[in-house]
Amino acid sequence: MTTTQVPTGEEIVRRVAQLAPVLRGKAASAEEERRLPEESIEALADAGVFRMRVPRRYGGYECDTRTLLEVATELGKADGSHSWTASVYWIPTWMACLFPDEVQDEVFATPDVRICGTLSPSAMAAPVDGGVVVNGKWGFISGALHSHWQEVIAILAGDDHEPYPIMALVPISDLTIVDDWHTSGLKATGSVSTVAEDLFVPKERVLPLPAVLEGKHASKTNAGSPAYRARLLPVASASSVGTALGLAMGAKEEFLQRLPGRKITYTSYENQNEAPLTHLQVADAAMKIDEAEFHAQRLTGVVDEKGAEGAPWTVEERVKARADMGAVCRLAKEAVDVLATASGGSSIYQDVRIQRINRDIQAINLHALMHPDTNAELYGRVLCNLEPNTAYL
């Protein structure tokens, strides 16, 4: 085990900001390849992006979620797929830190280890001596093509208990990759499907998901760390929102860069920036971005504060975390939509970046856990004194 000099959040953001022109330049070709290029992965690794949720004893940074937000936002301003993939790695990496310490020793022995994953229980597991055998398929596994491990969810059946979901860590080399990622948005994330066929997983690499969702884990060393004693879903929510916020900010930058000298065709406006309609559109989008940033900052602030204090989470606080995530996605999408609408017919050309931003933000808003309507309904349900209709809190 090793420790390393931990850079400040400002330093990591600065490193990522320096990468932005390179990542932006690779976005179009990455879309065509439907995966991030190896050069991008190496650049992100060199910047320390993959160490942000790794324990310090393994050379990681143990960053708080506010830093994750700032880094993902900076990446999102450059390209949505790069930001999304980095964000998705952070969540299963954090989840790996809940496993027994000897499992972490194995996982984090790989420098800049990359762990992909899912929360969807789309596989079955059967108990056997020394562990479980897993069969099934998982979809939307962002970053799988560059991963070393995958965190999987399966339903464990048995004669002595009701079926329940388990969370397990498996080497990506033990899974079959199905190249089915043909989509309209987040094309370069390589979010392929993976398949397990009679895959044995030793018991030390298996945790009951209900216990994890309630904040219980098996790591003795990480138990006292503020980074690892928050709840899974609030942590996942806080880890995810930076991409949406960055995309909206990137859309605003792109629109204002293209604005000088543009006219509004079939009108008397020779300069679009002189039209009152444009002023209203830009102001509307900017305010929506500000509102999205408020919800993102509030979400990460609560997660980090509770982690630092080791404070318990109420049900309302947990659903509010999901509501904040949904609000960021909705407001970012609305801002991008305003700016895309104001960008004119020429913006549909593939070399105009705002069309990619528009497709990427649409894709994020369709994610099952991030969908604004689902999260708003859940929050309102609890505010109306009803029990939440999901365990994913």
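Predicted model: local features only at pLDDT ≥ 70, side-chain atom pairs only at ≥ 80, totals over all residues.
Student: Which residue of β7 stands opposite T176?

Tutor: Strand β6 (residues 176-178) also pairs with β7, in the antiparallel sense and over three bridges. The residue in β7 that T176 stands opposite is V195.

Student: How many of the 11 residues of strand β7 are buried?

Tutor: Buried here stands for under 20% relative accessible area. Strand β7 covers residues 192-202 and is largely enclosed by the rest of the structure, because the number of its 11 residues that are buried is eight.

Student: Which element gives the most to the lining of the largest pocket?

Tutor: The largest pocket holds about 940 Å³ of space, and among its 42 lining residues W84, F140, H367, A368 and L369 lie nearest its centre. The elements that give two or more residues to this lining are α4 (80-96), β3, α7 (232-258), α9 (315-341) and α11 (372-383). With six residues, the element that gives the most is α4.

Student: How many charged residues are in the lining of the second largest pocket?

Tutor: The second largest pocket, with a volume of about 210 Å³, is lined by residues including E31, R34, H182 and K187. Two or more of its lining residues come from each of α1 (9-33) and α10 (353-365). By class, the lining has one nonpolar and four polar residues, while the number of charged residues is six.

Note on methods
Residues numbered from 1 in each chain as written. Heavy atoms only, no water. Buried < 20%, exposed > 50% of the residue type's maximum accessible area, 1.4 Å probe, protein only. Helix = DSSP H or I, 4+ residues; strand = E, 2+ residues; numbered from the N terminus. Pairing = 2+ DSSP bridges. 1 Å grid on protein atoms, 1.4 Å probe; cavity = no way out; pocket = protein on both sides within 12 Å on 5 of 7 lines; lining within 4 Å. Points joined across faces, edges and corners; volume = space filled by probe spheres on them. Nonpolar A, V, L, I, M, F, W, Y, C, P; charged D, E, K, R; others polar.
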